[in-house]
Amino acid sequence: MNEASRIEAGAQDMPRPMVIPVEAYISADYARAECDRLWRKCWLQAGRVEDLPEIGSYLTYDIVDDSVLIVRVRPGEEPGAIKAYRNVCTHRGRRLVDTPKGMRNARGRQMNFVCGFHAWTFELDGSASYIAAKEDWGPALCDAVTRLGEVKLDTWGGFLWINLDPEAEPLRAYLEPAATMLDPFRLQDMRPRWRKWTVFDCNWKVALEAFNETYHVPGTHPEFMAFGDFTGWGRQQGKHSHIGYDAPKGLEENKAKLRLGAGDPRISTAEMQKYTWEGVNTNTTQTLVDVAQSLPAVLAEDTPADEVLRYWLDTARALDERRGVVWPKVDSGHVAASGTAWQIFPNQQIGHAVNNMLCYHARPFGHDPDKCYFEVAVYELYPEGAAPETEWEYANPEQFPHVLRQDFSNMAAVQQGMKTGGYAGNIPNPKGEGAVISLHRNLARYMGTGEPRELG
Ligand code: FES
Ligand SMILES: [Fe+2]
């Protein structure tokens with residue numbers, strides 16, 4: 001039994017129905033406690049490695065009261081080539097690098113950082129190289145006092161991960177089993193096609209939980225029902241969880257991964273791909289969409305669904321290869337076991353595939369339990385050197401593609417609804433919304449409160 005099937009087999013049991021108390025979503029005290037107990041303890045996805053191409057390239061990552069400055073110090077990928085520092089001047093505590101107004105984060109390139117208050121200057125290695133009137137302090141002002149505080153940083157999947165806890169376990173151990181399951185998809189080779197951020201009037205968990213289940217598809221995206229069945233599962237995997245679709249009959253090879261439409265699979269695949277591309281611009285690529293459009297003309301009318309699927313994917317793979325885009329070959333059993341997306345505890349979701357990925361990321365908006373930052377990033381494989389230059393763009397929720405706007409329309413309404421007097425707590429579908437239960441089980445371990453309890 002390989003690693004993948006072990007993971008799947010170990011997680012098959014139908015979980016028991018649970019109730020999740022609303023405290024984690026609406027309590028101001030809980031939100032304040034998250035700062036120390038959660039955000040300062042967990043590995044957090046803070047950006048992409050390709051955003052730091054040269055020595056001196058930097059970006060910042062803000063999480064509640066903390067800000068981290070991430071800097072490329074040396075070329076290459078070995079540990080220490082990229083460093084992370086507390087983004088605060090050691091003199092009198094001014095934020096060292098400001099986030100420009102209206103931007104998600106600071107990003108740029110410079111060979112040292114000059115504090116805007118008294119001009120103390122810090123080198124890429126964190127040491128202070130200029131301190132006005134340094135002699136006034138005498139020998140007490142040594143390097144250990146003045147250098148920037150270092151923050152743990154590691155990379156995986158092409159992402160930069162930081163941890164504010166000096167005692168934190170290594171990143172790889174933290175990410176398992178998600179890292180082993182996702183490694184074959186070579187997420188580090190993908191580059192963003194677009195990335196947008198916004199602000200919601202809801203808790204960060206409400207935002208993420210709108211995407212970690214497919215149980216909402218009939219209610220929120222009814223037009224998708226014309227394309228097939230979106231029944232799915234969500235399973236806890238240690239600190240993390242993953243979701244997938246139930247296997248359609250005859251498509252076991254790709255079960256839990258791809259949807260072929262109902263009815264004539266040539267036509268429904270063509271229509272669903274077109275709709276997905278135009279309606280949300282995620283989870284697929286131009287090549288897949290183009291090949292799907294050709295299916296009704298190229299394949300005979302009674303071609304079985306599994307053959308349609310195989311032809312579609314094989315043709316798209318071959319076409320991409322010709323333009324220098326090589327999809328990794330992933331064992332079909334592993335594809336099936338991996339599902340459609342992983343929720344990396346606490347606040348990152350990776351919707352993986354061999355040639356694209358869709359990532360959601362949510363962060364609290366200060367200490368306000370009713371507000372959060374929400375980010376969507378769509379990646380794909382590009383020929384060497386042909387990836388577009390993208391930057392995080394702010395967008396109002398109304399400016400997102402319309403399928404996402406359907407999801408967004410629930411956010412503030414859920415946040416408000418849960419405050420209703422006498423509301424007894426969330427009762428997620430134990431199979432289809434298992435990732436919601438997983439999140440709160442794990443949150444309770446960090447927070448010391450909010451443990452889901454059995455229903456009934
Ligand atoms: S606070 Fe930074 S130089 Fe004084
Ligand atoms: Fe949705």
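**Before you start**

Residues count from 1 along each chain as its sequence is written, while chains are lettered from A and ligands numbered from 1 in the order in which they are written. Because the model is predicted, local features need pLDDT of at least 70 and side-chain atom pairs count only at pLDDT 80 or more, whereas totals for chains, interfaces and linings use all residues.

Helices (H or I, at least four residues) and strands (E, at least two) are DSSP runs, numbered from the N terminus.

**Stop 1: a region named in a record**

Select residues 43–162. UniProt, in an unreviewed entry, gives this stretch the feature "domain: Rieske". Over residues 43–162, the chain is 3% helix and 39% strand. Now look at both ends of the selection: their C-alpha atoms are 5 Å apart.

**Stop 2: the sheet of seven strands**

Next, colour the strands β2-β11-β10-β5-β4-β3-β6, which in that order form an open sheet with antiparallel pairing. Two strands count as paired if DSSP finds at least two bridges between them. Which strands are at the edges? They are β2 (44–48) and β6 (107–109), each of which pairs on one side only. From one strand to the next, the twist averages 30 degrees; axes are lines fitted to C-alpha atoms, for helices over the stretch in contact, and angles run from 0 to 180 degrees between N-to-C directions.

Zoom in on β3 (residues 57–63), which pairs with β6 in the antiparallel sense over three bridges. Here L59 stands opposite R107 in β6.

Stay here and select V64, in the loop between β3 and β4 (66–72). Its phi is near 55 degrees, a positive value in a residue other than glycine.

**Stop 3: the sheet of three strands**

Now pick β7-β8-β9, the order of three strands in an open sheet with antiparallel pairing. The edge strands β7 (112–114) and β9 (128–130) each pair on one side only. The twist averages 35 degrees from one strand to the next. Strand β8 (residues 121–123) runs antiparallel to β9, and two bridges join them. Select F122 to find its bridge partner in β9, A128.

**Stop 4: two cis peptide bonds**

Go to the peptide bond from E176 to P177, which is cis, with omega near 0 degrees. P177 sits in the loop between α5 (171–175) and α6 (178–182). Then jump to F345 and P346, whose peptide bond is also cis, with omega near 0 degrees. You will find P346 in the loop between β15 (341–344) and β16 (348–352).

**Stop 5: helix α9 and its partners**

Finally, show α9 (residues 265–279) with α10 (residues 286–298): their axes come within 8 Å and cross at roughly 150 degrees. That makes α9 roughly antiparallel to α10 (angles under 35 degrees count as roughly parallel, over 145 as roughly antiparallel, 65 to 115 as roughly perpendicular and the rest as oblique). Residues in the contact (C-beta atoms, placed from the backbone, within 7 Å) include I267 and W277 of α9 and L288 and L295 of α10.

To see where they touch, select P265, R266 and T269 in α9, which meet A305, V308 and W312 in α11.

Definitions and conventions:
UniProt positions renumbered as here; feature names shortened; annotations may be inferred. Contact = placed C-beta atoms within 7 Å.
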